[in-house]
Amino acid sequence: MFEWPRTHNRPRQVFVADDDPEMRGLIASLLRQDGYEVSESPDGSAVLEALRSCPQSPPDLLISDVEMPRSSGLRVLAAVKRSFPHLPVVLITAFGSAEVHREARRLGAAAVLDKPFGISDLRDLVRRLLALG
């Protein structure tokens, strides 16, 4: 069973889902350098299973690729917003069509970043979203 790491005065927690291990690892590494606790997943189904297994302690932010095996980022976003409406979700995509952006907004994404995106832009976005929560 998946468990979110918890401590009393815990750092903010971010879940990163991307089927590209290099992209996922880069984002996770940078966020850890910024002091966040990071959990990782290579596909959308694992994200949904992790959230279902620990509904009382979800992460503070989810960053998900749009195109992933077993469950797309848009599907993950829709499921997350049904169960955790206040959990901010950032989608990242190499296929950033206007349709993907419209659907992501309709489903409640906090932001959509098209690859390649600036690392400083992602870090700033994460800081802003976590400051709101």
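This is a predicted model: local features need pLDDT of at least 70, side-chain atom pairs count only at pLDDT 80 or more; totals for chains, interfaces and linings use all residues.
User: With which residue does Glu49 form a salt bridge, and how far apart are the closest N and O atoms?

Analyst: The partner is Arg52, and the closest N and O atoms lie 3.7 Å apart. Arg52 counts as exposed, at 56% relative accessibility.

User: Why do Arg52 and Glu49 stand about one helical turn apart?

Analyst: Both belong to helix H2 (residues 44-53), where they are three residues apart, and therefore about one helical turn separates them.

User: Which salt bridge ties together parts of the chain that are 50 residues apart in sequence?

Analyst: Lys115 forms a salt bridge with Asp65, with 3.5 Å between the closest N and O atoms. Lys115 is in the loop between strand E5 (111-114) and helix H5 (119-132), whereas Asp65 is in strand E3 (residues 61-65), so the pair ties together parts that are 50 residues apart in sequence.

User: Are Lys115 and Asp65 buried or exposed, or in between?

Analyst: Lys115 counts as partly exposed at 22% relative accessibility, while Asp65 counts as buried at 5%.

User: How many salt bridges does the structure hold, and which residues are linked in a network?

Analyst: The structure holds eleven salt bridges. A network of them links Asp34, Arg123, Asp124 and Arg127. A further pair is Glu40 with Arg32, whose closest N and O atoms are 3.1 Å apart. Glu40 is partly exposed, with a relative accessible area of 35%, and Arg32 also counts as partly exposed, at 40%.

User: Let us turn to the strands. What is the general idea for side chains in a regular strand?

Analyst: In a regular strand, side chains alternate between the two faces of the sheet. As for the burial of a particular strand, E2 (residues 37-41) is mostly covered, with four of its five residues buried.

Conventions:
Residues are numbered from 1 along each chain as its sequence is written. Side-chain values use heavy atoms; hydrogens and water are left out. A salt bridge is a side-chain nitrogen of Lys or Arg within 4 Å of a carboxyl oxygen of Asp or Glu. Buried means under 20% relative accessible area, exposed over 50%, partly exposed in between (1.4 Å probe, protein chains only). Helices (H or I, at least four residues) and strands (E, at least two) are DSSP runs, numbered from the N terminus.
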